[in-house]
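User: I would like to go through this model with you. Could you take my questions one at a time?

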Amino acid sequence: MDKLLRNKKAIFVFVAPALILFTAVLFIPIGTSFYYALCDYDKVTRSYSFIGFGNFINLAKDKDMFIALKNSLFFLVFSCVSQLIMGLLLAALLTNIKVGRNLFKNVIYLPCVLSSAALGLLWAFLFHAKVGINNLLANFGIQGPAWLYSTSGFITLPMWVIAFVSLWQYVGQSMMLYMAQISGINKTLYEASYIDGATKMQAFRYITLPLVKPMIGTAMSLNAIGSLKFFDLIYSMLGDKTENLKMDVLATFLYRTGFSSKGGNHYGKASAIGVILVALCLLATAIINKLFKTENYEM
Amino acid sequence: MRRKVLSVMLSLSMAAGLMASVPMTAAADEEVQEITWMFWDDLDASEDNITKGFKEVIDRFNEDYDGVYHVTPITTTLEEYYTQLNALVDADQTPDVFIVSPGPNLTDYVAPGVVAPLDEYLEEDGWKETFSSDAVFAQQTYDGEIYAIPLNIAAACVFYNKEIFEEAGVEVPETYDELLEVCEQIKEAGYTPITISAGTAWCLSMLAGYLCDREGVDLAAINAGEESWNNEKTVAAGEKLLELSQYFQETAAGDSNDDATAALYFEEAAILIQGSWAIGQMNGANPDFEEKCGVFQFPAIEGGNDPNRVIAKSDSLAMSSSTESPEACIALMKYFTDDEAQRYTAEVGGKIPVTKVEYDASVAPAQLADVMDIFENATGTFGFYNESLVSSDAGAEFDNHMVAIFQQEETPEEAFQAVEDWYVENGYR
Amino acid sequence: MDHKKNKKPVKISTVLIYVFFLFMMVVYLAPLVWIGMTSLKTRAEIYKSPFGWPEAFQWENYAVAWKAGKLGIAMLNSLFVCVITLLLTMIIGSMAAFAIARMRWKLSGAAMIYILVGMMIPVHCVLIPLFVRFAKLGLTNNLWGLILPYLTFSLPTCVFIMAGFFRSIPNDLLESACMDGCTIYQVFFRICFPLARTGLFVTGLMTFVGNWNELLLALVFMSDDMKKTLPVALTKFVTPYQTNYDKMFPAIMIAIIPTIIVYSLFSNQIVDGLTAGAVKS
C-alpha cells in the first residue's frame, strides 16, 4: 500500500496537468503582473519602464486607495460576520424542522447559482432613486432614502445596501456548509445531552457549536476571499459611478485604474493594486485559519 | 440518469461548437479583402438612431462591395470600449477602422503611431471638398495632418418644456441671472427646474464647461501653464454651478444620464442641458414630447465671454497604421460620409452632418432646426472640457472635482486648486 | 425528552420558525417573480408603475430581446464552454486532489498551497498579460481561449473540495484494494473516483455555475458577435445613451430561466450531495 501511494510516476501523471495549467495560465501571467506592478506604463509608447516601488508609494498617498481599502475591509468584516451568524442560524433552524426543509433550503441556495451580473441589474433597478422601492414608498407619501447614491457617513448607505444584497445572494453557500457539518453530528450526542436535562440552546452551545467550528474556518475563508475579490455585483449595480460615489472596492478600483475608458490604462498602478489584493487575501486566510484551527473532534 | 444528462449536454455543446465555427470557415475566401470596424454600441440591440444608421452603412458597404471588400463589426459597450480597444492594440490586433472621440482619446492613438494620417486619401477624388468646411477637422488635426474623419457633429444645447414654461409664465432666459429667475418660478409652479445627471459625471461636467466658458476661462492658457486652474473666473463658474444645483432634481447625485433625460420627456422637469444626440431618444420614448420641446442657447454671463460659443462633439473614425487593406478602409470611411449616410444623420439621427449634403428639414426631428440655428449662428465651438484638457486622465480629474463641488465636499476654490495640483504633480507645469 | 418524536403539541418555537422561513421565501422569491412581471411591460410602464400588474403582456419583448441580443448563439457558446470546462475540471482536478490528499510525496503540501493560492487571485490581475499572450496564440475570439482560463480558475475549488472527499475515504478500503492487486490508477478510477461522486457533483455544479455567469474575461476575450457568451450578450442592453429596460429584463429572464430549471431538477441532489459528502463517510 505504502509503495503504491509513493508511485512517483503516478503522482506525476495525476498532478502534472493541473500544475502545468496553473503555471502557464496563472502564475506566469501573475509573475508578469508582479513585474508590471514595479513599472510605470507609458500610454504613448505603450511600454513599461521599471520604477521600483513608485506605484506603491503613490497608492499609499492616494485617497481613492484609502476609500477602496476601507470599503473592501468593511465588506470583508461584514460578510464574515453576517454570513457566520445568518448561515449558522439558518442551518440550525432548518435542521430543526422536517416539513418544507428541502424547499426552504433550495430556495435560499438558489441565488448562489444565478448570475451576479443579472441579479445586480435587478437590484439596481429595485433600489433606483425613483422607480424601484422608492416608487412604492412614494405611494404612501414617504420619500425613500438615497439607497444607491448617498455619500455621507464613514460607511455609506449604498455600501450597506450592496453588502446586504451580497448577503442575500451568498448566505445559501454558508448555510449549506454548516448544514452539512451539523447533519454529520452523531444524533446520540444530542439524545444523551437531553437525557442529562440540557435545553436546545445549551445543546447548540455545547455540542453543535464546537463541532461546527472547523467548518467555520473553511466557510469564513471562502467568504473572506470572495468578499475581497467582490466585483460583479457592485459593477453591475453601480457601473462607472463607483468613483464619484466613493463606492470603490479594491477590485473595482483595480479595474477602473487599469481598464476603464475614463482615466484608465495605468497598468502598472493597477497591477500594484492587484498585488495588494492578493497579499490581503493571503493574510485574511492565514488569520482565519489561525483563529479557527482546531483538532477535528470525533463525531 | 446522470450519465444520460451529461451525454446529452455534451452532444449539445459539441453541436454548439460546430455551429459556432461555421462563420469562421465561410469567411476564409482569399479574393475578398477583410477588414474590421470597431464601435461602442451593439448594432442590433441598440435603439440609438445613430447606431441604427451605422448599421445601415455597414450593410450597404458589404452589399455593394460583395466579393471585393468585407467589413466585420466588432462591438462592445461604451464602458468597455477603450478597454477592449487598448487590449487589441497591445496584442497587435488593432481594428482596421475604429471610432474614437477627438481630443486626448485620439491623442492616445496618434502619439504612439497606432493610427495613420489620412491627408493623401482626403485629397484624392475631391473627398475633402464634400465636407462642409475644413474647420470640421480641427480637433482631428495634429501638426497639420488629419488623423481621423468626423462623421457627425452634436451640439450641446438647453432643451426645455414649452408647456411648463408657459404654465410658470416664464420666457426663454438669455442671461444667467434670468436663468436663475426662471428656475425659481418653475420651482414655485411645482416642477423640477433642471434635470441633470451627476451620477454620470460628464453630464455635470458639461454644465461646468459651459459656465467656465461663459465666464471667459482661457482653457488654452491653463493647459499651456500660463494660468492657474484656480483663478477668479473658474471659481466664479464653480460658484454658479453650486448656485444652480439647488434647482436640480433631488436624485441628481445618483441619476444616470438616462434617468435625467427621462425626467424631461416624462414632463417632470423643465430644463435639460444635453447634447443633441438626446433628441432621438426623447422623441422615441415619448413621441408627444417632440412638439413641446424647445431648444435654446446656453445663457450668457454678463461681463463674461462671447455667449455665442457652443460645445460641439463629433464621432470620428481613425484607421490603423498597420492595416493591410487601406483601400478597403478608405472605401468604408467614404460610405460613412456619403450623402445617404449624412442625410440619415440629420433626418433621423438628429445630429449635424459634416458634409454639404442637402437634407429634408421637414422630416428631421423638430428640435434639429433649432439646434442647427444655434450651431450656424455660433461664433465658435469648443469641446467638452473633459476632452479638451492635457490628457484623458486630466479630464477625469476635472469631472470628479466638479462632482465634488456639487456634492459640497469641496468649495470651488478647493476643487480648482485640486485640479491645478494634479497638473503640477503630473508634470504639466 | 425526545426532541423529534414528540409530535402532539405544536410548539410556539416551531411556529416562529415557520413564520421566519415564510418571510425568507418572500425575500428570496419576490424579486424573481417581480422581474418576470416587469419583463412583460412596456418601457413607459416600467417607469410609471414598476410594481403593478402588466397592462398587457408584451410577449414580443422576449422575441425582440432574443433576436436583437443574439441570445441563441450566445447560449450555445456558453453551453459549449461550460460543459467542456466542467468535464476537464472534474478529471484534472480530482486527479490532482487525489495525489495531494492520499499519495505520499514530499511536496504534496507545497502543491496544495500552490493551487490554493490560485483561489485568491482575482482574474483582473492576469487579464492583460493573458490577453496579449492569447492574442498571439490565436486564442482570442476562440471558445478554447475561454476554456483554458476558466479551467484554471475552477481548479483550486475543485481540488480543495475533492481533497476533502478523498481524505475521508477510509484507509481500510484502499488497503483491501491493494490486497486485491489493484494498480494505483485502478484504485483511483475504480474506487476513489466513484466513491467521491457526491463531491464531483458539488464541484461540478460550482464550476458550471461560476463559469456560466463569468463576465469579465468573456467580455475582453470575445469581441466577435458569434463567439459571445450569455453574460456578455446581456450587457449589450445597457447602451451608452440609454438603458433598454424593456429588453434588458426579458434578456435577464432568458439568461436565468435555464439555470433555475436545471437547479429545480437537481437541487435535491446538489444540496444532499453537499450535505452528505462534505463531512461524513
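User: Over which residues of chain B does pLDDT stay under 50?
Analyst: It does so over residues 1-29 of chain B; pLDDT is the predictor's confidence in each residue, from 0 to 100. For that stretch the model has 22 contacts beyond four places in sequence, a contact being two residues whose C-beta atoms, placed from the backbone, lie within 7 Å. Where pLDDT is low, the predicted coordinates should not be read in detail.

User: What ground rules apply here?
Analyst: This is a predicted model, in which local features need pLDDT of at least 70 and side-chain atom pairs count only at pLDDT 80 or more, while totals for chains, interfaces and linings use all residues. Residues are numbered from 1 along each chain as its sequence is written, and chains are lettered from A and ligands numbered from 1 in the order in which they are written.

User: What is the mean pLDDT of chain B?
Analyst: The mean is 88, and 93% of the residues of chain B reach 70 or more.

User: How many helices and strands does chain B have?
Analyst: Chain B has 17 helices and twelve strands. These are DSSP runs numbered from the N terminus: helices are H or I with at least four residues, strands E with at least two.

User: What about burial in chain B?
Analyst: Of its 429 residues, 52% are buried. Buried means that 20 or more other C-beta atoms lie within 10 Å of the residue's own, with C-beta atoms placed from the backbone.

User: Why is strand β8 of chain B described as largely enclosed?
Analyst: Seven of the seven residues of β8(B), residues 269-275, are buried, so the strand is largely enclosed by the rest of the structure.

User: Which strands pair with β8(B)?
Analyst: Strand β6 (residues 149-161) of chain B runs antiparallel to β8(B), joined by five bridges. Strand β7 (residues 192-195) of chain B pairs with β8(B) in the parallel sense over three bridges. Pairing requires that DSSP find at least two bridges between the strands. B:L272 is the bridge partner of B:F159 and also of B:T195.

User: Turning to chain A, how many of its residues are in contact with chain C?
Analyst: In chain A, 69 residues are in contact with 70 residues of chain C. Helix α2 (residues 8-37) of chain A gives the most to that side, with 15 residues.

User: And what does helix α12 of chain A pack against?
Analyst: Its buried residues pack against several helices, including α4 (63-95) and α10 (200-229) of chain A, α3 (78-90) of chain B and α6 (124-136) of chain C.

Key. A residue is buried if 20 or more other C-beta atoms lie within 10 Å of its own, exposed if 12 or fewer, and partly exposed in between; C-beta atoms are placed from the backbone.
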